[in-house]
Amino acid sequence: MASHIILRTRSTAVIGCALNLTLRPAVFSFAKFSTANLNSRLSSCSPIMSSMPIKRLTGATTQFVSIRHASSFPEHTLITMPALSPTMTQGNIGKWNKKPGDSIQPGDAIVEIETDKATMDFEAQEDGFIAKILLQEGEKDVLVNRPIAVLVESKDLVAAFESFTLADAGSETAAAPEVVLTPTTAINSATKQSISTPASSVDRIIASPLAKSVAAQKGVVLQQIQGTGPGGRIIRADVDAFQPITAASPSAPTPIAVSAAAFEDIPISTIRKVIATRLTQSKTQVPHYQVTAEIVMDKILKLREVLNKDSNGAFKLSVNDFVIKASSKALIDVPEVNSAWQDTFIRQFKSADIAIAVATETGLITPIVTGAEAKGLTSISNSVKDLAARAKLGKLAPNEYQGGSFTISNLGMFAGIDQFTAIINQPHAAILAVGATSDKLIIDETSEKGFSVSKVMKVTLSADHRVVDGAVAAKWLQKFKGYIENPLTLIL
């Protein structure tokens, strides 16, 4: 089927190339690609793309790639499942906000998508009319780049797509479709030579050097892995997430039959799958170790009581607000902990962006209090309340939960949870687990009884030994303890 590719800029001017090529239908997301990203995607398909005019788009932003088919259907654009976060490989279809025949404008919320982090609105980047919805509400595990709807420029064309199906989109079993370009017209001999490859090259595996190295170490066959990088390129994350399918042993014992009334099978959400994958990777691949400290809380509890009493309802500080502030100042004092492992280098952050673990109905999410070292306790308190509330409603923007430099997990609100250890939130180098505050007898020579009762709290720092040595973790914990036990240093 003869087709051509048109690339559109923000002003919708045609700036791409029109090639007389035979294509296996390729679908790209509405999501915005940088020129470098798009160059990578196209050049990975065929060497001919490396010399096309898109190289002259320095600094431009491409909104989407529209595949125009010379078929029985009028000119149209396929709307595909977008990658709404860097780690997203699939998503679930939520509520459609538009129906066939409805017009859309840039910024309109087309459909709700359950990503690997939260439920988000997928917004239109172009105007037009919805001609066909290909995947209905409730569809699960839809791979990124799979067609979900059809867009046309005129409402008069909508009726022509009543019978349009996924098969017509060329993706009834599509994952992230591979683009294969085959010239159908004569080109000069130099160009022919530049794009000629052995017949087997169509099946060659495109993978990053690091992915190949990790796969070799793990004994993983790259042909079994679906790449999520540009142009289907296999990256390290794909290798790390790959779970080989093993055949059951013929001699395996037959499971004992259990009455269906004895249990309930609960479907796993996309968020829960991602949590399971990432935490398993962290626990098995990151060399964790823990350092615990016991902190006297008497002074900070008294200061908190005084500040809240004098606030006249303008704010209500929690112990967690003080923990965030103390952590941020300790991170600036000991920047080695405010770091992230990046395989070939260690990235040390200049600002303390604290990720706070928040439990929601769908799973754990970590909204970020940015620049906590420069914020006052009131600002931190208000930020945490706002982020936590919107996290539970699934209304966080990606930039509000992606990134960060350090994580805090606080179970102190649960009585009796004196101490626990947390799994590192990669690529952060450390996570602080905060337990409940409880009474403890302390030796006190100034007391007639020789002892006194103090409020104490235990905290445990889990650190990545590739980044943070034990002595460094101990130094950080001493700094943190000093700020909490002398809370005036947090507000002066």
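**Entry 1: aromatic rings**

I started with a cluster in this predicted model. Ring pairs link Phe73, Phe161 and Phe164 there. I then searched the whole structure and found five aromatic pairs. One of them joins phenylalanine 73 to phenylalanine 164. Their ring centres lie 4.9 Å apart, with 75° between the planes, and the pair is edge-to-face. I looked up where the two partners sit. Phenylalanine 73 is in the loop between β5 and β6, and phenylalanine 164 is in the loop between β13 and β14. They are 91 residues apart, and the pair links distant parts of the chain. Buried or exposed, I asked of phenylalanine 73 and phenylalanine 164? Both are buried.

Next I took tryptophan 476 and phenylalanine 480. Their ring centres are 5.4 Å apart and their planes meet at 10°, so I noted the pair as stacked; the cut-off for stacking is under 30 degrees. Both residues lie in helix α9, four residues apart, about one turn of the helix. Each of tryptophan 476 and phenylalanine 480 is buried.

**Entry 2: salt bridges**

I counted 11 salt bridges. Among them, aspartate 108 meets lysine 98 at 3.9 Å, N to O. The two are 10 residues apart, in loops on either side of β8. Aspartate 108 has 22% relative accessibility, so I put it down as partly exposed. Lysine 98 has 19% and is buried, because the cut-off for buried is under 20%.

I then checked aspartate 343 and arginine 236. Their closest N and O atoms are 2.5 Å apart. Aspartate 343 is in the loop between β16 and β17, arginine 236 is in helix α4, and 107 residues separate them. Aspartate 343 is partly exposed at 33%, and arginine 236 is partly exposed at 25%.

Helix α9 came up again with glutamate 485 and lysine 481. Their side chains form a salt bridge at 2.8 Å, N to O. They are four residues apart in that helix. Lysine 481 is partly exposed, at 26%. I also noted a network: shared partners join Arg236, Asp240 and Asp343.

**Entry 3: histidine 288**

What does the side chain of histidine 288 reach at 3.1 Å? I found the backbone nitrogen of isoleucine 424. Histidine 288 is in strand β15. Its C-alpha atom is 6.3 Å from that of serine 462, 174 residues away along the chain. Beyond its neighbours within four places in sequence, the contacts of histidine 288 include Lys283, Ala422 and Ala463.

**Entry 4: surface**

Last, I looked at a nonpolar patch on the surface. Met413, Phe414 and Ile417 form it, with about 310 Å² of accessible area together. Phenylalanine 414 sits in the loop between β22 and β23.

Conventions. Residues numbered from 1 in each chain as written. Predicted model: local features only at pLDDT ≥ 70, side-chain atom pairs only at ≥ 80, totals over all residues. Heavy atoms only, no water. Patch = residues over 30% accessible without salt bridge, like charges linked within 9 Å, V, L, I, M, F, W, Y side chains within 5 Å. Areas by Shrake-Rupley, 256 points an atom, 1.4 Å probe, with all protein chains shown as cover. Salt bridge = Lys/Arg side-chain N within 4 Å of Asp/Glu carboxyl O. Phe/Tyr/Trp six-rings, centres within 6.5 Å; stacked < 30°, edge-to-face > 60°. Buried < 20%, exposed > 50% of the residue type's maximum accessible area, 1.4 Å probe, protein only. Contact = heavy atoms within 4.5 Å. Polar contact = N/O pair within 3.5 Å; in protein donor to acceptor, adjacent residues only side chain to side chain.
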